[in-house]
Amino acid sequence: MLGFVKSLKEKLSKTQKNILGKISDTFSSYDEITDDLYDDLEEVLIQADMGVDLSADVIDKLREEVKSRKIKKLEDVKEFLGYIMESVLIEEYDSGHNTVQVGKQRPYVILFIGVNGVGKTTTIGKLATRFVKEGKSVMLIAGDTFRAAAIEQLTIWAERSGAFIVKSVQDGDPSAIVFDGLTSAVSKKVDVIMIDTAGRQHNKVNLMNELEKIGRTIKKVVPDAPHETLLVVDATTGQNAVSQARMFNKAVKLDGLVLTKLDGTAKGGVVFGIKHSLDIPVKLIGVGEAQDDLRDFNAEEYVNAVLDR
C-alpha cells in the first residue's frame, strides 16, 4: 500500500505542487492570521479547480476551527486546512457505489460516453483486460462508427485482452451495431458488455439525441441496462469537466466519472469539487499509459497523495 501511495504521489506531482505548493507560498507571505490570509487561501483553492462553492465551504470551516480552537500559530492553521480538505473529500465518498464493480446482472452493461479525445476507448480496453484477468467473459461494442481509428483501436484492445468484439464499417448506424452486439452477447451468455460511443460535445443537440436513441436500443435487448453509464473526462480541462458532466447528466443519467490524464495536469483539484457539485462520483482515474495506471478512485489515497501525507 505504501508503494502504491508513493507511486500515486509521483503521478500527481503537478497537482500536488499546484495545491500544496501554493498553499505553502501563501502562508509564508503572512506573519499572522488575517482575513486577507483566508481570502488568499480561498483563491488558491479556486485556482486549483476545486470549484467556487467548495473552496468557500472549506475556508468557512477553517475560520470556524481557528476561532473555536483559539488557534494562533500559522503552522497550525495550515495543518487544519489539510485536515479539512481531507475530511471533505473522504466524507463525500463515504457512502454509495463509488467504484466500477460488475454486479450480479448478466450481461452487465456499461456505457461509455464523452467528448472527443478524452480516452474512452483506452479506458474500455484497460477495463476489458482487468475483467478478463478476473475470469469474466467480455464483449466490446464499437459504437463509435464515425472514426475508423476508434474501431481499429478497440479491435486491438479486444485482441490484446481476449475480449469479444462487435463492430461495423465506418459511418454505420451506431444504434444498429449496439443492437447486434447486445443480441450476440446475450446469446453467448457474456458476463460484461462495454459500449464505446462517438465523441460528442455536450452542447450538440443532435448528437445528444443519438445518445438517447442508443439508450433506448440497449433497453430493447437488456431491459434493465445500461447498469452503469460512465462519462470519461479529461482532467486537464479542469472546471470544464464539471460543466461537461452537468450537461451530459441532463441527457443521460450518469453513474460515475472516469477522470483521465491526471498525471499530466496541475488541475487535479477538480476531484475535490466534482462530487460536491454534482453528487456524481469519480470511479476511475487515469494516471499514465500503463495498464495499471487506470486505477479505482480511492478518496483517502488521493488526498494523501495530493497533500503529501
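Trainee: Why is Phe80 called buried?

Mentor: Its relative accessible area is 18%, and buried means under 20%, exposed over 50% and partly exposed in between, with a 1.4 Å probe and protein chains only. So Phe80 counts as buried. Bear in mind that this is a predicted model, where local features need pLDDT of at least 70, side-chain atom pairs count only at pLDDT 80 or more, and totals for chains, interfaces and linings use all residues. Residues are numbered from 1 along each chain as its sequence is written, and side-chain values use heavy atoms, with hydrogens and water left out.

Trainee: And what makes Tyr83 partly exposed?

Mentor: Tyr83 has 38% relative accessibility, so it counts as partly exposed.

Trainee: Why are Phe80 and Tyr83 called an edge-to-face pair?

Mentor: Their ring centres are 5.9 Å apart and the planes make an angle of 85°. Rings of Phe, Tyr and Trp (its six-membered ring) pair if their centres lie within 6.5 Å; planes under 30 degrees apart count as stacked, over 60 as edge-to-face and the rest as tilted. So the pair qualifies on distance and is edge-to-face on angle. Phe80 and Tyr83 are three residues apart in helix H5 (residues 74-92), which means about one helical turn separates them. Helices (H or I, at least four residues) and strands (E, at least two) are DSSP runs, numbered from the N terminus.

Trainee: Which residues form an aromatic cluster?

Mentor: Phe272, Phe297 and Tyr302 make up one. The search of the whole structure turns up three aromatic pairs.

Trainee: How do you know that Thr123 is buried?

Mentor: Thr123, in helix H6 (residues 120-133), has 4% relative accessibility, so it counts as buried. Setting aside neighbours within four places in sequence, Thr123 is in contact (heavy atoms within 4.5 Å) with Phe112, Val232, Val258, Thr260 and Leu294.

Trainee: What makes Val166 buried, and what does it touch?

Mentor: Val166 sits in strand E3 (residues 164-166), and its relative accessible area of 14% makes it buried. Beyond neighbours within four places in sequence, its contacts include Met139, Leu140, Ile177 and Ser184.

Trainee: What makes Lys70 and Lys189 stand out in phi?

Mentor: Phi of Lys70 is near 55°, a positive value in a residue other than glycine, and phi of Lys189 is near 55° too. Most residues other than glycine have a negative phi, and most peptide bonds are trans. Lys70 lies in the loop between helix H4 (52-68) and H5, and at 64% relative accessibility it counts as exposed. Lys189, in the loop between helix H8 (174-188) and strand E4 (192-197), is exposed at 71%.

Trainee: How do you know that the protein chain is as compact as a globular protein of its length?

Mentor: First, the secondary structure comes to twelve helices and eight strands. The radius of gyration of this chain is 21 Å, close to the 19 Å that the globule rule gives for 309 residues, so it is as compact as a globular protein of that length. That radius is taken over C-alpha atoms, and the rule is 2.2 Å times the number of residues to the power 0.38. Buried residues make up 53% of the 309.
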